[in-house]
Amino acid sequence: MSDDQQKVTAEDELNMADGSDNKIYIQRFDPYSRILHLMVITSFLTLAFTGMVIKFSGIGLFQTLSGLLGGYEVTGFLHRVAAVITFSYFFLHIFYLIKKLVIESKGAKYLITGENSMVPQMRDLKEFVGTLKWFLGLGSRPEYGRWTYWEKFDYFAVFWGVAVIGFSGLILWFPEFFTSIGMPGWFINVATIVHSDEALLATGFIFTVHFFNTHFRPDKFPMDPVIFTGCVELEEFKEDRPRQYKQLAESGELGKLIVPPPSPVLIKAARIFGFTALLTGLTLIIMIIISMLFLYN
């Protein structure tokens, strides 16, 4: 069977399964991953907001915001609750990887060097260079696969953040415990600086670079709802992930990813939640810039 015949077969399957909508939808994220990402969004927004309120506690604007939350004691409590959610989704994701490795018998090679691996590879460097050439009109758009180089960067940024920001936060949360097991007292001061400044860096990156790559690109503006709905139209999928599309079509696996279109209620909820998160993040960026200007003037 030729590639074209396989593609037509996959598309015909969805057309027969969905008589109410001629559009074909392909699943990109399973429900488990979508729930974890919702945990990431809610916890990160809470951590960023409450963390900035605590970091810039000497500025009237943030003092007012803390008062609206119920005071700094409540602000700190919310910050720690969000931290617990962060550690929860981190370990739930580790379990997800172990499940693929052991239960689904994917193998370490699949997770590290496979086509769908999140581990950066030489191909990602080539696609990065190819993307720069494309931006400058010196080449065509790279044929991205399941994951792009910027998605892999974002993915490992979470691991880095949980390790650095999370561990330093635990030291600040339980200083007596860590000093009792031999940690020098001066390390508490180091943890304070690391936790505060790294969190500020992470907040700035997520609400600018990540927001642009995910939502503010011309082809996605003003928001890409795929992480909420879990699916994407076939035509968009073919354009965004041409290498993955070809591989799925050639292997006959494309039809297995066919899903019904997202319900109007889900789309509406995704837009409300997504735009709320975007607005919150952009507002925080503006507040951080104003605060930094205030501190250094």
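Student: Does Arg243 count as buried or exposed?
Tutor: The relative accessibility of Arg243 is 15%. Buried means under 20% relative accessible area, exposed over 50% and partly exposed in between (1.4 Å probe, protein chains only). Arg243 therefore counts as buried.

Student: What pLDDT does the protein average?
Tutor: This is a predicted model, in which local features need pLDDT of at least 70 and side-chain atom pairs count only at pLDDT 80 or more, while totals for chains, interfaces and linings use all residues. Residues are numbered from 1 along each chain as its sequence is written, and side-chain values use heavy atoms, with hydrogens and water left out. pLDDT is the predictor's confidence in each residue, from 0 to 100. A score of at least 70 is reached by 92% of the residues, and the average is 87.

Student: Which element has the lowest mean pLDDT?
Tutor: Helices (H or I, at least four residues) and strands (E, at least two) are DSSP runs, numbered from the N terminus. Strand β1 (residues 25–27) has the highest mean, 95. The lowest mean, 47, belongs to helix α1.

Student: Which residue forms a salt bridge with Arg243?
Tutor: A salt bridge is a side-chain nitrogen of Lys or Arg within 4 Å of a carboxyl oxygen of Asp or Glu. In the bridge of Arg243, the N to O distance is 2.7 Å. The pair ties together helix α12 (residues 242–251) and helix α6 (residues 122–135), parts that are 116 residues apart in sequence. The partner, buried at a relative accessible area of 6%, is Glu127.

Student: How many residues apart in sequence are the parts tied together by Arg141 and Asp240?
Tutor: The closest N and O atoms of this salt bridge are 3.9 Å apart. Arg141 lies in the loop between α6 and α7, and Asp240 in helix α11 (residues 234–240), so the pair ties together parts whose separation in residues is 99.

Student: How many charged residues line the second largest pocket?
Tutor: A pocket is an open set of points on a 1 Å grid over the protein atoms alone, where a 1.4 Å probe fits, with protein on both sides within 12 Å along at least five of seven lines; lining residues have an atom within 4 Å of a point. Asp224, Glu236 and Arg271 are among the lining residues closest to the centre of the second largest pocket. Asp, Glu, Lys and Arg count as charged. Of this lining, 11 residues are nonpolar, one is polar, and the charged ones number six.
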